[in-house]
Amino acid sequence: CCQTGRTQAESTRTCTLTLQSLITENHTNHSANCRFLAHICCLSNLRQFFCDEGLKTALRLLPCNETKLEAKDTYQMCCKCCELGVRAGRDLEDCEPVNVLDERCSEQFTSCCKKAKSCKNPADRIVLKWETTDDVMANINECLSSPCAKTMKCENTPGSYRCVEGCDPGYTWSLKQGECRDIDECALHKHNCTYGHRCENMPGSFRCIRERNCGTGYQVDPITQTCIDIDECEQDIDECRPGYICKNIPGTYKCIPQNCTFGEKFNAFFGRCEKVQCQPGYNVTLFGKCIDINECALKPGPCKLGERCDNTPGSYKCVQTFACANGLEMKELQCLDIDECAIGNHTCLPPATCKNTYGSFYCQCPPGFIFKYGACVDDDECGRGHSICPTNSFCRNTPGSYACDCVAGYKMLAERAFCEDIDECQTSPNTCEQKCINVQGSYYCLCKEGYRLNGDKRTCRDLDECSMIANLCQYHCVNTPGSYKCICPSGFALERGRQCQDVDECQLGTHNCRAEDVCVNLRGGYRCYHVDCPNGYERQGNSRCQLSARWCNDHQNDVNQRCTVSKPVKIVYSFIALPAKIRIPTEIFRIRNSQLTMNQHAEFDLRLINSRDPFTNTTHTSFEHFQLKRYPPHNAHLMVVKELNALQEIELSIEMKIYTNNMLNSISIMKILIYVSQYDFYP
């Protein structure tokens, strides 16, 4: 058993294969512990192999993590212990065993230290020839210790090394940092990690980490990060009862009862084969059942001449008779068989042939026919009720036989008696215009996004999304092959693929208004407005006229022009841009006097000054389109109560009088210029 495990380790370098079959074939008389002994011997041999490989790596002055065995614990332990000894030997230090190390590691340290110290030139490395056990000197690879700067690449040369410009794979030169910088393949999407894996960046490379569980019966391979099946039978973690054989299947296992010999029956409760004991006069069948023995059918029969044998359950009885039965004739006090076939006294019709039996005869039909209703008729194998043809085929009856024909979309493989699917997409590449999807027994065509399958189920036509979907674009929809695009009028920018957002030329500074003008952003454009203050007023900013104190002082003796309480103290210009078809009612302007006291109140007077269409110079706007809602004692809101026509320029004036203790205190004028756009786009 142990030699079987060693052979397994030497030939495959793994002990994960099932040794049960090898042990069963070669050691049929061994106990059940033989399988465990073979597995232990295999692991022991395999650990020694990994340890020898680790010693070789350290003696060659190679890093312990640069071989495919770096994940093996035994390899790492032996390599690190030897590498510590090699460093001590090259530095001409003491090679005595180290107390903090275990016995085996200490021995490896001492052996490797002495081998390294035996080299005359410390620049040489040790190469161990395991076939001859002789030590020879070879050039050392100084690049393994990274002697060059980060901006240089090391190249080994005989007896020395040199540093050249260039970055290792997975790094790129950074002009800003002046050195080779790692490439983050995960952030740049230059990795090949599939769905269910997470990309993790590493210096000069990356790795894929699995994030999803494999499910019951599977485990993650630590190297490939793929799901592999757990062999519950090999690892002895199955729950099969005694007498059952464990059989591994992907993701799980099943317990199969052992096969019993003829005359035995499997006892599921005790898990063993037991011999079937039948009563006298009964025989056991292949399935372990007892059936009656028909002693009368035995040749020769158990009864004497002139006796009739009658079979009974478990026995028989002989009945005395003096007459011969049908099909027999009496000769010399003996009933002899009549050969109906020889004398032609039978009823078999062609193609049947007569077969004589003792006391009778029967009609035998050729293969493919059965005897029915006194004649040979074709045996309809297809109508027997159980499938005799492979999957994806139908049975076709023929005279004396049958044939299996594959259904549409499949072809028969004669050597395997199997109906194989026909891949129409491969056999006829032009089957579909755009995409062909093969399915079992058929295929179907698909179209790319933006196309629809025609009635012929193979060609595709472009979908006119603009005509199919109402309001797909806010302004105008243009159909394109396989898609569509939205466009906006001048002065608007496309936003979120379909919305038209007004371009504020005033905020972006793309207008050509003068510094003294007011830039008014309109929906789809802008307007330069120059505020001309009346005589006696000074302009403050670009949109406000303030009554001049100097002018009032100069004209205080002029009865017609002097400043009184009835003269407005300020004229304020406000500009409002509205879309067409604005929702009704809508508040467009508010007047708030938060600084007034309780003994003060405000009165408002709304007037329509002008309204016109800039293109036709006509108007359809009246005073009834607006309403000034007053909120005593100080505030008021301007409302649009009727729908305004598109392309309108409207000028409104609101006169606000402030009273203190019911005495007029001041008057202010608010000029409101409203521009109604031709488009009904809302922000």
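1. Over residues 462–501 the chain of this predicted model is 10% helix and 45% strand, with the end C-alpha atoms 29 Å apart; helices here are DSSP runs of H or I of at least four residues, and strands are E runs of at least two, numbered from the N terminus. Over residues 337–375 the corresponding values are 10% helix and 41% strand, with 24 Å between the end C-alpha atoms.

2. A word on conventions. Residues are numbered from 1 along each chain as its sequence is written, and side-chain values use heavy atoms, with hydrogens and water left out. Since the model is predicted, local features need pLDDT of at least 70 and side-chain atom pairs count only at pLDDT 80 or more, whereas totals for chains, interfaces and linings use all residues.

3. The count of disulfides comes to 29, a disulfide being taken as a pair of cysteine sulfur atoms within 2.5 Å. One of them joins Cys 51 to Cys 78, with an S to S distance of 2.0 Å, and at -100° about the S-S bond this link is left-handed. Because Cys 51 lies in helix α3 (residues 34–59) and Cys 78 in helix α4, the pair ties together parts that are 27 residues apart in sequence. Cys 51 and Cys 78 are both buried, where buried means under 20% relative accessible area, exposed over 50% and partly exposed in between, computed with a 1.4 Å probe on protein chains only.

4. Cys 193 is joined to Cys 208 at an S to S distance of 1.9 Å, and the link is left-handed, with -90° about the S-S bond. Cys 233 is buried, with a relative accessible area of 9%.

5. Helix α3, which holds Cys 51, is also the place of Asn 45. Asn 45 is buried, with a relative accessible area of 19%. Leaving out residues up to four places away in sequence, Asn 45 touches Arg 6, Ala 9 and Glu 10, contact meaning heavy atoms within 4.5 Å.

6. The structure holds 15 salt bridges, each defined as a side-chain nitrogen of Lys or Arg within 4 Å of a carboxyl oxygen of Asp or Glu. In one of them Arg 87 pairs with Glu 83, the closest N and O atoms being 3.5 Å apart. Because they are four residues apart in helix α4 (residues 73–90), Arg 87 and Glu 83 are separated by about one helical turn; Arg 87 counts as exposed at 55% relative accessibility.

7. Other salt bridges include that of Glu 274 with Arg 272, at 3.0 Å from N to O. Glu 274 counts as partly exposed at 28% relative accessibility, and Arg 272 counts as partly exposed at 42%. Salt bridges that share partners also join Arg 198, Glu 200 and Arg 207 into one network.

8. The largest nonpolar core has 25 residues, and those with the most contacts inside it are Ile 588, Phe 626, Leu 638 and Ile 674; such a core is a set of buried Ala, Val, Leu, Ile, Met, Phe, Trp, Tyr and Cys residues joined through side-chain atoms within 4.5 Å. Among the strands that each supply at least two residues of this core are β41 (570–578), β42 (586–591), β46 (648–660) and β47 (663–676), and the largest share, five residues, comes from β46. Leaving aside neighbours within four places in sequence, Ile 674 is in contact with residues including Ile 576, Ile 588, Phe 626 and Leu 652. A second, separate core of 15 residues includes Val 520, Cys 552, Ile 667 and Leu 673.
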